[in-house]
Amino acid sequence: MAELPADKKFFENLSGAGKAIGVLTSGGDAQGMNAAVRAVVRMGIYVEAKVYFIYEGYQGMVDGGDNIVEVSWESVSSILQVGGTVIGSARCKEFRTREGRLKAAFNLIQRGITNLCVIGGDGSLTGANLFREEWSGLLEELAQSGKIEEEAVKKYVYLNIVGMVGSIDNDFCGTDMTIGTDSALHRIIEVVDAIMTTAQSHQRTFVLEVMGRHCGYLALVSALACGADWVFIPEYPPEEGWEDQMCVKLSENRARKKRLNIIIVAEGAIDSHNKPITSEKVKDLVVQQLGFDTRVTILGHVQRGGTPSAFDRILASRMGVEAVLALLEATPDTPACVVSLSGNQAVRLPLMECVQMTQEVQKAMDERKFCEAVRLRGRSFENNLNTYKLLSHRKPDTELPKDDLSCSTNFNVAVLNVGAPAAGMNAAVRSAVRVGITEGHSMFAVIDGFEGFANGQIKEISWGDVGGWTGQGGSLLGTKRTLPAKYLEKIADQMRTNNINALMVIGGFEAYLGLLELSAAREKYDEFCVPMVMVPATVSNNVPGSDFSIGADTALNTITDTCDRIKQSASGTKRRVFIIETMGGYCGYLANMGGLAAGADAAYIFEEKFDIRELQANVEHLTEKMKTSIQRGLVLRNENSNENYTTDFIYQLYSEEGKGVFDCRKNVLGHMQQGGAPSPFDRNFGTKISAKAVQWISKKLRETYRRGKVFANTEDSVCLLGMRRRNLLFQPVVELKDQADFVHRIPKEQWWLKLRPLMKILAKYKTSYDVSDSGQLEHVARHSPKEAETGAI
């Protein structure tokens, strides 16, 4: 093997030989828990550790016997797409007593288990930490009573604990997302989308009650994702007199010809005196004061059910692998840690720091310190709340900004979509229009991209024009791939005619190229000397300067759902391999991440070169797999991964080489990946990133307005707003040129390539996995209110 780079750290040096890992799920169930269990089992076996299922959570640990079972690679086959938890979960009063924990310790020692992976909420993880602290005392007590030998006390002296948070409420501090939250949002949004069609037919008001006894995340984010008229959450109760304010807003919306009203209530919603606000109370209020036809829908356990989303499967798989690495690296001095998500990075945080902050949130709410409760929830939560407040209610003209600069002129801001359509574009346009109007600008919509711009297809767009846009797929403004270079003079004329003072472009690689061309044309046309910003939106996720693009998550879910159905069809027909072609141009994001989410055996991408020898090795790998109880295979191929090894070629090769062992089918997913209603992630990402982009435009307009004119000609006045690791950053498009491969229209470096080995490991291939970013135990960040404005999404 070649010498490893000095700055890299690979897990080959970490061995689990001789170690035993127990995995359990505890507390409420959440979609994605099975993906986490699968990752822990397969990563544990991969590093030669023994792995045990602990059935029925802590109850199974206390009861022992058949509840603690060693498992094999095949034990976790076909569970990736299953909701809930296949190893069961139960509340356990006995574990809360020392006597119960003594039994649990004895049962673990019997099997040599000194490494525990606990998937649950803060109560489950707190219990695990107490167990760890008492461990040596429990062993001594067991030895004194003669239940275990003194040798066992010395051999198993330390218990290592790593937690993963499985909770649909996203109520655990220290992580941006808990396992199950995204899937629960999918269930809520599916219901909201269905309700909106029937409510529009009858001019109804719907009050939706969602889960969240102590945390309003689901209510807040679903309200943001569907453009709800009002939302009630425990962390941020409405002001005194909210009853009248809400009814005024509902009647105003109805007067503007809005045919439906949506009100979302978290089950733990309270008023400023800590008194409950129930969905029935809200309904009665609307009926009594307004006489609107009003219905209540309580979603209940529907939110916990169903198949996990692509996001949750990938999140849980990453966390499961990271948890095993953390257990292997743990020392007696390492505190119990929890694997969390920060931006797009898996990080390790001290378990009790997270638990303490989570408990502080409840304390702040009990003491009616609601601003403190919102701050403690973290930057992401605070950003959601601020964005919702910005978009949900139009201020009267008298309250719009009127400082000395903005009232000197009426700034006109144009919004256009460029490139192929991507789900979430409409949510981004809605957000841009409404935030722009709130900032005091006149907003203009450009139809059909740069081509429409050149042809004068520009119209002013109002607050009400974009109502109901968040859940619409495609691009309601129309979008084309045409670049502006051949229309520069016409576009400049239109900018002058309509007095456009700033430009916001929502799109993919063509949008990036378009802004580069407009920026270069500033030397010739003063009309382009205005602030310009790009928001990335493409299913391919191939824009330099951003780890994520609007639309990619929806496409990923489409691929994952399709693969689930295809795998299910194979369950009746043994020994079958499916070859699936995904979109993405030369970018392998969809194929790679789709493969990880769907449990594929291989994914062929342009970024990682492959040859006939690798294809042959994959066939042999599948041949071996067919000898086990898992008699089906799934292979993904990015559409431009190789000009010679086409989908047809790979299909024919697999068919020929697999003769007598397995047969093959192929499926080209095509444009279905661009269609459909946007996922909750894409709706919210589009909404929040657009809001931030328009606020940047406002700042730049104030900075560059001189003597009655906007004049911006510096590099930092043409930017791309992208998510990099943990933060949203504005980056000059010119500076990003060095980071782009213009021939293949992809970034030169792509963060998700680091996850590529995960899919191979979980499919039983031997590979190297760079863990340079792992292993650092961080501390829970506490931020000031100012940070919410500038930090992560």
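**Figure 1. Right-handed crossing of helices H14 and H22 in the predicted model.** Helix H14 spans residues 425–438 and helix H22 residues 680–704, and the two pack at an angle of about 35 degrees with their axes 8 Å apart. Helices (H or I, at least four residues) and strands (E, at least two) are DSSP runs numbered from the N terminus; axes are lines fitted to C-alpha atoms, for helices over the stretch in contact, and angles run from 0 to 180 degrees between N-to-C directions. On the H14 side, Ala-427, Ala-428, Ser-431, Ala-432, Val-435 and Gly-436 meet Arg-683, Gly-686, Thr-687, Ser-690, Ala-691, Val-694 and Gln-695 of H22, contact being defined as heavy atoms within 4.5 Å. By class, this contact comprises six nonpolar, six polar and one charged residues; Ala, Val, Leu, Ile, Met, Phe, Trp, Tyr, Cys and Pro count as nonpolar, Asp, Glu, Lys and Arg as charged, and the others, Gly among them, as polar.

The model is predicted, so that local features need pLDDT of at least 70 and side-chain atom pairs count only at pLDDT 80 or more, whereas totals for chains, interfaces and linings use all residues. Residues are numbered from 1 along each chain as its sequence is written, and side-chain values use heavy atoms, with hydrogens and water left out.

**Figure 2. Right-handed crossing of helices H1 and H10.** The axes of H1 (residues 33–46) and H10 come within 7 Å and cross at roughly 35 degrees. Helix H1 contributes Ala-35, Ala-36, Ala-39, Val-40, Met-43 and Gly-44 to the contact, and H10 contributes Arg-313, Ala-316, Ser-317, Gly-320, Val-321, Val-324 and Leu-325. Nine nonpolar, three polar and one charged residues make up this contact by class.

**Figure 3. The largest nonpolar core and another core apart from it.** A nonpolar core is a set of buried Ala, Val, Leu, Ile, Met, Phe, Trp, Tyr and Cys residues joined through side-chain atoms within 4.5 Å. Buried denotes under 20% relative accessible area, exposed over 50%, and partly exposed the range in between (1.4 Å probe, protein chains only). The largest core holds 188 residues, of which Met-164, Ile-264, Met-504, Phe-528 and Tyr-589 touch the most other members. Helix H10 (residues 310–329) gives the most to this core, with 13 residues. The other core has 51 residues, including Phe-131, Trp-135, Ala-336 and Leu-376.

**Figure 4. Asn-129 in helix H4.** Helix H4 covers residues 122–144. Asn-129 is buried, with a relative accessible area of 6%. Apart from neighbours within four places in sequence, Asn-129 is in contact with Ala-336, Leu-351 and Met-352.

**Figure 5. Thr-178 and Asn-170 in the loop between strand S5 and helix H6.** Strand S5 runs over 160–165 and helix H6 over 181–202. Thr-178 is buried, at 1% relative accessibility. Residues up to four places away in sequence being left out, Thr-178 touches Val-165, Ser-167, Asn-170, Phe-172, Asp-312 and Leu-315. Asn-170 is likewise buried, with a relative accessible area of 7%. The phi angle of Asn-170 is near 55 degrees, a positive value in a residue other than glycine.

**Figure 6. Asn-274, a non-glycine residue with positive phi.** Phi of Asn-274 is near 65 degrees. Asn-274 is located in the loop between strand S8 (261–266) and helix H9 (279–290), and is partly exposed at a relative accessible area of 27%.

**Figure 7. Cysteines in a structure with zero disulfides.** A disulfide is taken as a pair of cysteine sulfur atoms within 2.5 Å. The closest cysteine sulfur to that of Cys-173 belongs to Cys-354 and is 7.9 Å away, too far for a bond. For Cys-587 the closest cysteine sulfur, in Cys-563, is 17 Å away, which is also too far for a bond. Cys-173 is buried, with a relative accessible area of 1%, and Cys-587 is buried at 0%.

**Figure 8. Loop residues Glu-643 and Asn-455.** Glu-643 is placed in the loop between strand S20 (632–638) and helix H21 (647–657) and is exposed, with a relative accessible area of 72%. The C-alpha atoms of Glu-643 and His-441 are separated by 48 Å. Asn-455 lies in the loop between helix H15 (449–454) and strand S14 (458–460) and is partly exposed, at 48% relative accessibility.

Key. A crossing is left-handed if the near helix is turned anticlockwise from the far one by less than a right angle, and right-handed if clockwise.
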